[in-house]
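Please open the structure in your viewer and keep the sequence panel beside it.

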Amino acid sequence: GDLFGEKTLKRRGGGTDQDMGSVIALVDANNFYASCERVFDARLVGRPVVVLSNNDGCVIARSAEAKVLGIGMGEPCFKVRSLLEEHNVVVRSSNYELYGDMSTRMMEVLDRFSSAVDVYSIDEAFLELESASPEALAALGREIRDRVKRETGLPVSVGMATTRTLSKVANHLAKSSRRADYVLNLAGSPHLDLALQRTPIEEVWGIGRRQSARLRSYGFLTALDFRGADDAWVRRRMTVTGLRTLRELREIPCFRHGQEPSHHQTVVVSRSFGEPVDSMAEMRAAIGYFTARGAEKLRKRGLQATALTVFTRSGSYRQADYSGTLTSDLGLATDNTRELMGTALNLLARLFRSGCCYRKAGIMLTGLRPAAGGPLRLWETARHEHERHLMARVDALNLRHGQDTVRCGIFPSDGRWKSRIDLRSPRYTTRWEDLMKVR
């Protein structure tokens, strides 16, 4: 039957039989944070659920039921409190340790279906699959969906196509089409043109809000409209990135496994404090914690930084705001927590003002470059190699036993600078003390 419930548009070129080569599947967890909460608390199934940001400030995730109520992404919690209470919405603090571990479990399942899996975000991954008949691909998509659900409890959508941009289109429609039932294959499908016609231009992967508004002013309202644009016109107005998007909509792959350039130009770790901080000891603990998190992100992404910035913010109704920012050149690119920590704390010592009531602080790592192939250390080579192995062991232990199992002693496990997490669920999968108990 017709998946879209109406007459199918003809594909450009007239036919559907073609050599598709490999097929790209995008697997995306549905309402990921809310779904993670439901895996361990069946009482939340069918109820509206929202997850809050650090310090329980803003809504950063919503279940499908919460979206229907009109709760917007990024809404401050206090502004929608009456709506939450009126509809008995379940509210949870962010539980990133749980979400990160559930993401890892999901990706481990996906690894069994493909030798080429690119993790795009905490809840999305691209899989490169062997080309097969449309029926076989759809069956494989259903198997992926069911296996992830069975082994992790997470509901996912699977979109398949000949390019990554088109797989994003397929995934988006898989969620909105009842007939698709969260799996849609557009590789070799006669429905491709109709799928593009039903995709608003702002939903196309790689086209931002400003670009979509500009394209609408030129009459490009859908992905199908944009696919017919002139190459030179797109290159002139949207650079080579826009041209790649255009070609991917035409089933010309421009991004393959492991070939995407890194989009990471900075690493920022900052947070509003749970309570105002006025002591140097507390500020050192906060900056130490942020620096450790930043260094971990560098190593996870295979990057090193050449500059580090520390910034602080204060302010209350009793005093004027004070904002301080200092940057230091690191000399040599590094991802070493201890090297970065020394620089960060020296900058903090120059920034700190006695009597200030600090509300927020953070660090920013810039001048990023790949760790592999970087310049060699000509001095203290043995010490540097020892430190590199030490950081790898620390990361491995924390990955296995939970974040901060091994940490720098400068920051305690708790403090006034820690964010409020009054509504956080247990960390069921990473903390022995939070293991679910069945009576």
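The model is a predicted one, in which local features need pLDDT of at least 70 and side-chain atom pairs count only at pLDDT 80 or more, whereas totals for chains, interfaces and linings use all residues. Residues are numbered from 1 along each chain as its sequence is written, and side-chain values use heavy atoms, with hydrogens and water left out.

**First selection: helix H1**

Select residues 32-39, which form helix H1. Helices (H or I, at least four residues) and strands (E, at least two) are DSSP runs, numbered from the N terminus. Seven of the eight residues of H1 are buried: Phe32, Tyr33, Ala34, Ser35, Cys36, Glu37 and Arg38. Their cover includes strands E1 (23-29), E2 (49-52), E3 and E4 (90-93), together with helices H2 and H4 (96-110); contact here means heavy atoms within 4.5 Å.

Next, pick Val39, also in H1. Is Val39 buried or partly exposed? With a relative accessible area of 29%, Val39 is partly exposed. Residues up to four places away in sequence aside, Val39 touches Met102, Thr152, Gly153 and Leu154. A C-alpha to C-alpha distance of 9.8 Å separates Val39 from Pro155, although the two are 116 residues apart in sequence.

Move to Asn31, in the loop between E1 and H1. Asn31 has a relative accessibility of 26% and therefore counts as partly exposed. Its phi is near 45 degrees, a positive value in a residue other than glycine. Most residues other than glycine have a negative phi.

Now display the second largest pocket, whose volume is about 730 Å³. A pocket is defined on a 1 Å grid over the protein atoms alone, as an open set of points where a 1.4 Å probe fits, with protein on both sides within 12 Å along at least five of seven lines; lining residues have an atom within 4 Å of a point. The volume is the space filled by probe spheres set on the points, which are joined across faces, edges and corners.

Of the 31 lining residues, Asn30, Asn31, Ser35, Ala64 and Pro155 lie nearest the centre of this pocket. Which helix gives the most to the lining? H1 does, with six residues. Among the elements that each supply at least two residues are E3 (59-62), H2 (64-68), H5 (134-152) and H6 (164-176). The lining comprises 14 nonpolar, seven polar and 10 charged residues. In this scheme Ala, Val, Leu, Ile, Met, Phe, Trp, Tyr, Cys and Pro are nonpolar, Asp, Glu, Lys and Arg are charged, and the others, Gly among them, are polar.

Select H6 with helix H10 (residues 231-249); their axes come within 7 Å and cross at roughly 65 degrees. Axes are lines fitted to C-alpha atoms, for helices over the stretch in contact, and angles run from 0 to 180 degrees between N-to-C directions. H6 and H10 are therefore roughly perpendicular to each other, a term covering 65 to 115 degrees. Arg164, Thr165 and Leu166 of H6 meet Thr245, Glu248 and Leu249 of H10.

Finish at Thr312 in strand E10 (residues 303-314). Thr312 has 1% relative accessibility and so counts as buried. Beyond its neighbours within four places in sequence, the contacts of Thr312 include Met283, Tyr322, Leu348 and Tyr358.

Key
Angles under 35 degrees count as roughly parallel, over 145 as roughly antiparallel, 65 to 115 as roughly perpendicular and the rest as oblique. Buried means under 20% relative accessible area, exposed over 50%, partly exposed in between (1.4 Å probe, protein chains only).
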